[in-house]
Amino acid sequence: MRALVAGAGCCGASAARRLAEYGWQVTVVERREHVGGNAFDRRDEHGMLYHVYGPHVFFTDREQVWEFLRPFVRWTPYRGSVCVWLEQEAHPMPFQPALLCRLLGADGERTLTALRRRYQGRESATVLELLQDEDPLLRQAGQRLYDCDCAPYNQKQWGLRLEELLPEVAARAPVYLEDRRDFRPERFQFMPEDGFDRMFQRMLEHPGIEVRTGVDALELLEVSGGRIVWKSEGQWDAVLYTGRLEPLFAYSAGALPYRTLHFDMEYCTPEQGLPCLAMYYPGLDVPWTRRADYRYLPGNPPEPEKTLVIGERPGPMEGPQDEPYYVVLTEQSQARHQSYWKQLEQVPHLYGAGRLAEFRYYNMDQAVGRGLDIAEEIHRREGRNR
């Protein structure tokens, strides 16, 4: 049995490895010149390890995902620290009781008491829930957080009016009822000591896997008349496609919206760097949505002479050179994606999975888990028919 996997990111690479373990001969094609997708990292000329497409941190509660990844590289426990820059001060993320009290002034303690009473037994509530709460104190708290963080951040990130976005996008930030030290609560929080690139290289080192970088899957196939048509001599029994669906179906339902990123690299002294791995900037007075200080990554010296700080500026997709980093979720874009997804489901032996193909947000562990799940599905359905 032979499978073609289009895309060597978290989803595609994980699926390829699992299929190879089941005895498939897998060809992985990746249009970039490297594997790992947006989790790709490398060392600069000074030996500093950094993430080329923005910081990625691994965390999961899915033991299956952790046990799958664990053998490929050496891991070190890692709890990344993240802050948000609000009203000229850095505050820990996610939203903590201390920040809520500071923003609400005299109403802070009273609101915090109401928040804990209303959501007793829970760790957190979202800003959206507060905005919709019947208690005027909690609605006021939700509105304050929305006005100083959610509204400006989402306008800068997506380039849309807030009413154009789905509500869960614009106000999904959690507000915690008690102070918490860690950015994430997941049980397994580790980072590969030698970087994610090494992890992907090891994942794809299998006698049943062939990797071709710099190759677009659409050079090998097209979809016509509801079936896969091969453009080359090679043919495969099943195809897993993890890229954008519009070019696969010749833009028959129109283009889907994405946002790209522009990266600003700066070397500075540690004192001029950040107090954490990543700082988010909701305010429109700062061009970046996020900056990362890479001295905080495992494997980098904590006190280097110079640290590398990279800022991310979001923008519209303007040409083929722009990478689609974020899907833009609106009612219209979801409906358009569904039309493509229905077309995909009608094509025999063609499967879609991953951030771009499914037009959704995925954390790293979710993308890996999706890759393992779709590999199981392909093996169950296609293997049975051979």
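Contact here means heavy atoms within 4.5 Å. The model described is a predicted one.

Leaving aside residues within four places in sequence, Gln-157 is in contact with Arg-259, Thr-289, Pro-314 and Tyr-326. Gln-157 is found in helix α6. Its relative accessibility is 3%, so Gln-157 counts as buried.

The ring of Trp-158 pairs with that of Tyr-361. Their centres lie 6.2 Å apart and their planes meet at 45°, so the pair is tilted. The pair links distant parts of the chain. Trp-158 belongs to helix α6 (residues 136–158), whereas Tyr-361 sits in the loop between β21 (350–352) and α11 (364–384). The two residues are 203 residues apart. Tyr-361 has a relative accessibility of 28% and therefore counts as partly exposed.

Phe-359 occupies the loop between β21 and α11. Its phi is near 55°, a positive value in a residue other than glycine. Phe-359 is buried, with a relative accessible area of 4%. Helix α11 holds Glu-382. At 4% relative accessibility, Glu-382 counts as buried. Not counting residues up to four places away in sequence, Glu-382 touches Trp-24, Asp-237, Ala-238, His-349 and Tyr-351. Ser-333 is 49 residues from Glu-382 in sequence, and the two C-alpha atoms are 31 Å apart in space.

Aromatic pairs number 16 in the structure. One of them joins Trp-66 and Trp-75 in an edge-to-face arrangement, 5.2 Å centre to centre with 70° between the planes. Both Trp-66 and Trp-75 are buried. These two residues also belong to an aromatic cluster, together with Phe-58, Phe-188 and Phe-190. Arginines lie over aromatic faces at two sites described here. Arg-32 lies over the face of Tyr-53, at 4.1 Å from the ring centre. Arg-291 lies over the face of Trp-288, at 4.7 Å from the ring centre.

An open sheet is formed by 7 strands in the order β8-β7-β17-β18-β19-β16-β20, with mixed pairing. Strands β8 (89–92) and β20 (326–327) stand at the edges, each with a single partner strand, so one side of each is left without a neighbour in the sheet. Within the sheet, β18 (residues 290–293) and β19 (residues 307–316) run antiparallel and are joined by 4 bridges. Ala-292 has Ile-310 of β19 as its bridge partner.

Gln-88 is placed in the loop between β7 (82–86) and β8. The phi of Gln-88 is near 70°, a positive value in a residue other than glycine. Gln-88 is exposed, with a relative accessible area of 55%. Pro-94 is placed in the loop between β8 and α3 (97–104). The peptide bond from Met-93 to Pro-94 is cis, with omega near 0°.

Strands β1 and β2 form another pairing. Strand β1 (residues 2–6) has 4 of its 5 residues buried, so it is largely enclosed by the rest of the structure. Strand β2 (residues 25–30) runs parallel to β1, and 5 bridges join the two. Leu-4 has Thr-27 of β2 as its bridge partner.

The largest nonpolar core contains 59 residues. Val-26, Leu-69, Met-199 and Phe-200 touch the most other members of this core. Leaving aside neighbours within four places in sequence, the contacts of Val-26 are Ala-3, Val-5, Ala-16, Leu-19, Ala-20, Gly-208, Ile-209 and Glu-210. Met-199 and Phe-200 are among the buried residues of helix α8 (residues 196–203), along with Phe-196 and Met-203.

Methods:
Residues are numbered from 1 along each chain as its sequence is written. This is a predicted model: local features need pLDDT of at least 70, side-chain atom pairs count only at pLDDT 80 or more; totals for chains, interfaces and linings use all residues. Side-chain values use heavy atoms; hydrogens and water are left out. Buried means under 20% relative accessible area, exposed over 50%, partly exposed in between (1.4 Å probe, protein chains only). Rings of Phe, Tyr and Trp (its six-membered ring) pair if their centres lie within 6.5 Å; planes under 30 degrees apart count as stacked, over 60 as edge-to-face and the rest as tilted. A charge sits over a ring if NZ of Lys or CZ of Arg is within 6 Å of the ring centre and within 35 degrees of the ring normal. Two strands pair if DSSP finds at least two bridges between them. A nonpolar core is a set of buried Ala, Val, Leu, Ile, Met, Phe, Trp, Tyr and Cys residues joined through side-chain atoms within 4.5 Å.
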